[in-house]
Structure formats: C-alpha cells, structure tokens
Amino acid sequence: MKILISLQLLGLTLLCVGIFHCQAWPRYTFVVEETPYRRLCSTKNILTVNGQFPGPTLYARMGDTIIVDVYNKGNRNITIHWHGVKQLRNPWSDGPAYITQCPIQPGGSFTQTIMFSSEEGTLWWHAHSDWDRATVHGAIVIYPNRGATYPFPKPHAEFPIILGEWWKEDIGQLYNETIQSGGDPNISSAFLINGQPGDLYPCSKPDTFKLMVDYGKTYLLRLINSAMQEILFFSIANHKVTVVGSDASYTKPFSSDYVTISPGQTIDLLFTADQSPNHYYIAAKAYVGGAVVYDNTTTTAMLQYNGNYTSTSTPSLPNLPYYHNDTKASVHFTGSLRSLADKNHPIDVPRKITTPLFYTLSINTLPCLNNSCAGPNGTRLAASVNNISFVNPSIDILQAYYYHINGVFGTRFPNFPPLLFNFTAQVLPLYLQTPKLGTEVKILKYNATVEIVFQGTNLVAGDDHPMHIHGFSFYVVGWGLGNFDEDKDPLTYNLVDPPLLNTIAVPVNALQKKGSLPTKFFRGLPNSLSKSVFFDEKMLSVGNMSWNWNLFPTKERPSKKVSMVVGNVIYLAGKLGANFINDKNYVCRK
Ligand SMILES: [Cu+2]
C-alpha cells in the first residue's frame with residue numbers, strides 16, 4: 001500500500017509516494033497589495049501581486065502541480081483564478097468568487113493548488129472578483145514534459161506579451177460607479193503591452209516595452225489578452241507571425257500579418273527577425289463589431305534588433321486592420337485556427353452528442369426606479385443566456401452544491417431559449433428586452449457529451465461576445481451568420497481538426513443590414529476523463545456586455561471516497577463586467 005505524506009520543507013512541498021519517490025512541488029507566494037504606479041502622467045494606487053504589474057509569471061511542465069499561497073493585504077475582497085487550467089478533481093482551488101469560493105477578505109489568505117494535466121503552452125492567472133483582474137494578472141507558461149519537445153523548431157528565446165487596459169481612475173471606484181449608474185463603464189484611457197502604453201500616449205515614451213532580438217533568430221511570443229472589455233488586433237511592423245498554439249493547445253502553424261485575440265485568450269506566435277536591423281513597432285488596438293463606444297487608442301512596444309546600425313528616426317507602425325469594426329479581418333483570423341492533430345497531439349472530437357444545448361446571448365435592460373439609470377431610456381443594462389440574468393448567490397455555489405445547502409441555486413436552467421423569436425431581426429419588440437433574474441444551474445449526467453450552439457441576439461445592441469469555459473477546453477466546430485439552421489449548419493462542422501480552445505468570441509454579424517447575428521457551435525467535452533458536470537449561467541451585466549459562465553462537476557465515481565468534489569469548475573468570463581448586485585450585499589459563510 002502506498003503511503004502519502006505531504007511535507008512543507010524549505011519552500012517546497014514534497015509529495016512522497018512510498019519512501020523512495022518524492023516529488024517537489026514548486027511553491028509561489030502571491031501577496032496582493034496596493035502599489036503606486038505612474039502611467040499617462042499621473043500616479044495612482046493599483047492592486048498588484050508582489051508589487052508587480054503585470055504580475056509574476058508562473059512556470060510549470062505539462063502535468064505538474066504547483067502551489068500558490070495567496071495573501072490578501074489589499075483593502076477589498078479578492079480571489080485568484082487559473083484561467084484555462086483543467087484542475088481535474090480540484091475545483092476548490094479554481095478561484096471564481098461566489099462560484100467556487102467565498103472571496104479572500106482583507107488580511108486573509110488561501111493556499112491554492114494548481115493541477116495541470118493536458119495543458120501545454122500558455123495560460124494566465126487573474127483576479128476573479130469585481131474588476132480587479134484589470135491589474136491583478138500574469139502569465140502561466142507550461143513547457144512540454146521532460147524529454148518532450150515543442151512541435152516546432154526550438155525558438156532562440158521566448159517572451160510573454162500581455163495586452164492590457166488602463167483606466168486613469170481607480171478600478172474599484174470605476175466598478176462601483178458603474179454598478180450605481182446601471183450604464184456602460186467609462187471607456188479605458190489606454191491599452192498596454194506588458195504594462196506600458198507606448199510611444200503614442202503622453203508621458204509614456206521612455207518606458208515603452210522593448211523586445212531585443214538578434215538578426216536571423218526565431219522567437220516565441222506568448223500573447224495574452226488581459227483587457228477587460230476589448231477584442232484586440234495585434235501586429236508587428238514588417239514581420240509576419242506564425243501561429244502555433246492557442247489556449248495551451250497546439251495549432252497547425254499558419255502565417256499571418258496580424259492576430260485577433262479575445263479577452264482571456266492566449267495565442268502562441270513564432271516570428272523570425274529577418275528584416276534589416278532597425279526598430280519596428282509592435283502595436284495593438286481594439287476590434288469592436290457592435291455600435292458601442294470604445295477606446296480607439298493604439299498601444300505600442302518596440303522590436304529592436306541588436307547590433308550596430310542607425311535606426312530610422314520614426315519607425316513604421318504595423319498594418320493593423322484599418323477599421324476598428326473590421327469583422328471580416330477578425331473572423332478570418334479566428335476561423336483559420338486548426339488543431340495540430342498530429343501523431344503526438346491527437347484529438348478526439350465527440351461524434352455522438354448526448355446533450356444538445358442552444359443558448360441565446362442577449363443584452364438586456366432592467367427597470368430602474370424613476371427611470372434614473374444610465375442605460376437606454378433610464379434603464380439598467382443587463383445580460384442573459386436563455387433569458388436568465390444571473391443573480392449572485394449568498395454563498396458560493398460549489399459549497400452549496402457539495403454540502404446540499406438548499407435555497408442557494410435552482411436546477412432549472414433551460415436547454416433551449418424559453419422564447420422563440422427571430423433572434424437577429426433588426427427591430428425587436430421592447431418587451432423581449434427584460435430578462436428573468438435567477439441563480440439557475442443545468443445539471444449534466446456523468447459522461448455527457450455536450451454540443452452548445454451560441455446564438456447572438458439583436459436585443460438592445462448586437463455585439464461580439466467573448467465566451468470562456470472554466471476548467472474545460474472545447475472544440476469549436478463551426479460558426480456562421482444569422483439564425484442557426486439546425487438542418488444546414490451541422491453539415492458544415494469541422495470534425496477533423498477543429499481548434500481546442502477555452503475562450504472564443506461569438507462574433508457580431510458583419511452583415512448587419514441583413515439583420516443577422518452569428519452563431520458559434522461548440523462540441524463536446526473533449527477530455528478523456530469524462531465528467532459529470534452541471535452548468536451555472538452567470539450573466540453579469542453593466543457595460544456593453546459581460547459574461548460569466550460556470551460548469552461544476554458532480555461526483556465522479558461516487559463510490560470512491562474522496563475528500564473533495566471531483567472534477568472541474570468552468571467559467572465563461574468574456575467581457576467580464578460588474579454584477580448588477582453589489583458585492584457588499586453578499587454574506588459569505590466563513
Ligand atoms: Cu476560467
């Protein structure tokens with residue numbers, strides 16, 4: 001019989017199986033604290049991890065387990081989430097506030113275990129409470145297993161490139177004001193590359209992020225979109241990039257002048273420094289498909305060749321798609337992603353679906369006393385899936401689920417929209433705008449194979465809707481414009497090499513005139529460790545759109561005695577907005 005002993009020694013936790021085989025788990029300390037940062041000519045305190053912005057990078061090998069001791073020395077409740085980590089049988093450590101845990105209160109701490117399994121490539125971690133992830137985030141780099149290699153030539157060097165968003169005002173205040181007003185949050189003041197706005201913003205030039213390269217060498221960029229709201233276009237002047245992975249899963253290499261990246265998504269890129277030695281701009285700006293207000297500024301970093309040469313006095317900017325609403329450019333890039341699907345990285349797209357789900361994604365409005373809110377006609381903006389707008393529970397759902405605490409959530413989340421109408425009509429009756437409020441979950445059977453069709457609607461305002469699932473990756477088998485056609489659209493599914501992602505943008509329709517909005521079709525829970533899961537739709541609102549979405553496990557092999565809930569937590573966090581119920585209203589059990 002194996003003996004399991006856990007020791008904490010010299011900062012390493014040792015898991016010993018038997019007497020002779022001990023494995024050290026890397027252990028990190030995250031101190032969440034207010035730190036002054038100066039950007040755009042003014043200084044403000046931001047919430048950071050260990051005083052760093054962006055926060056520290058976590059490193060692991062495929063299949064590793066690492067431990068992070070999180071200390072909240074800030075002045076408000078926080079949680080930390082490991083975005084895209086499957087966390088098999090370990091949902092308690094996953095971090096979404098009020099879903100898997102109560103927040104860590106000021107002065108409190110929480111030791112979180114991050115269990116990697118099939119993920120390989122780039123993921124990221126971020127705060128998962130209110131809007132704190134704007135400044136509390138960092139990269140997760142997952143190398144191949146010992147003895148294994150990348151499925152592409154080893155790059156000379158690799159760099160995380162974190163795209164971010166900066167507000168001049170305090171993030172907590174911005175959140176509270178948005179909650180109070182019921183309208184859109186103020187647009188950001190700048191976008192950032194590795195924490196810096198770049199040359200095109202005031203007071204920023206000396207600190208622009210510089211990427212130093214040697215002529216002729218190839219580099220790996222681990223691109224992460226940590227922006228709160230916006231899908232971003234990214235490009236390097238004069239250099240093509242080759243996409244080799246996304247969301248910690250390898251893709252078939254494809255070459256492109258630019259990249260489209262959703263909030264929450266990661267993309268691994270190779271590029272070769274094969275141009276004449278000089279300085280070249282790297283740039284990113286928002287892609288916005290809907291008719292909404294947005295930050296139209298451009299962030300830059302500098303690609304600088306090493307060596308002796310005279311650089312151009314004004315380096316050229318890259319050719320980003322010209323229009324901010326260039327949906328064609330956006331979906332062309334996203335639609336080009338394919339799983340690598342080779343001998344060493346096989347895929348397993350489920351063919352037999354046990355649970356078809358059809359989810360409408362809508363922006364909604366809620367009545368507001370004296371029509372005094374900042375949404376359309378004095379209403380409060382909201383959002384829904386299948387017309388249910390999520391209400392935060394009083395205690396976290398995982399706890400309520402595990403301990404059978406009644407009255408925290410319902411189990412009647414609908415498989416299909418309760419109201420059928422022409423979802424993508426240009427003009428829709430006003431009464432459809434008001435959603436139902438609730439904390440409803442969908443319970444799936446153990447071993448369920450799920451297909452989800454996301455159908456955008458034109459209620460209030462059509463827009464792109466980034467969607468993320470916690471703890472699972474999914475195959476994106478297709479997308480299209482207009483209302484989903486259950487006869488024709490499945491015939492176009494890619495079941496051969498669809499990309500395996502954890503975050504995807506359901507795009508706004510490029511052909512608005514025809515009154516159609518797009519759909520995306522997801523298939524399956526590809527993990528071979530099939531699980532029983534239940535869904536919770538957490539529709540947050542405020543802003544042009546905000547989405548959260550969660551999946552929990554039920555008890556896998558209930559006959560086996562385990563000390564925790566088995567399986568995963570899933571969370572869709574696209575444009576993560578604020579809840580329409582203020583955090584202060586919560587009572588969370590100790
Ligand atoms: Cu997540």
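Author: Start with a pair of histidines: His81 has His126 as its bridge partner in β10. This is a predicted model, in which local features need pLDDT of at least 70 and side-chain atom pairs count only at pLDDT 80 or more, while totals for chains, interfaces and linings use all residues. Residues are numbered from 1 along each chain as its sequence is written. Strands (E, at least two residues) and helices (H or I, at least four) are DSSP runs, numbered from the N terminus.

His126 has a further partner. In β11, His126 is bridged to His137. So much for single pairs; now the strands. β8 and β10 run antiparallel and are joined by 4 bridges. β10 (121–127) and β11 (137–143) are also antiparallel, with 6 bridges between them. Two strands count as paired if DSSP finds at least two bridges between them.

These strands belong to an open sheet of 4 strands. Its order is β6-β11-β10-β8, and the pairing is mixed. From one strand to the next, the twist averages 25°. Such angles run from 0 to 180 degrees between N-to-C directions, with axes as lines fitted to C-alpha atoms, for helices over the stretch in contact.

Now the side chains of β8. Ile80 and Trp82 point one way, His81 and His83 the other. All four are buried. A residue is buried if 20 or more other C-beta atoms lie within 10 Å of its own, exposed if 12 or fewer, and partly exposed in between; the C-beta atoms are placed from the backbone. In a regular strand, side chains alternate between the two faces of the sheet.

Another open sheet of 4 strands runs in the order β5-β4-β7-β9, again with mixed pairing. Its edge strands are β5 (42–49) and β9 (109–115), and each pairs on one side only. Neighbouring strands here are turned by 25° against each other on average, direction ignored. Within this sheet, β4 (27–39) and β7 (65–72) are parallel over 6 bridges. One example is Val32, whose bridge partner in β7 is Asn72.

Step back to the whole chain. It has 3 helices and 36 strands. Of its 590 residues, 52% are buried. Among contacts with a separation of 6 or more, 76% join residues 24 or more positions apart. A contact means that two C-beta atoms, placed from the backbone, lie within 7 Å.

Leu269 touches Leu221, Leu223, Val241, Thr242, Val243 and Val259, leaving out residues up to four places away in sequence.

In α1 (171–181), the buried residues are Ile171, Leu174, Tyr175, Thr178 and Ile179. Seen down the axis of α1, they fall within an arc of 130°, so they line one face. The arc is that of the directions from the helix axis to the C-beta atoms. Gly182 follows α1, with a positive phi near 80°.

In α2 (327–334), Thr327, Ser330, Val331, Phe333 and Thr334 are buried. Their arc is 160° down the axis, so these too line one face of the helix. Their cover includes β16, β18, β19, β21 and β32.

Val288 and Thr327 are 39 residues apart in sequence but 8.0 Å apart, C-alpha to C-alpha. Val288 lies in the loop between β21 and β22. Val288 counts as buried because it has 24 C-beta neighbours inside 10 Å.

Last, confidence. pLDDT is the predictor's confidence in each residue, from 0 to 100. The chain averages 80, and 81% of residues score at least 70. Over residues 510–587 the pLDDT is below 50, though this stretch has 291 contacts in the model beyond near neighbours in sequence.
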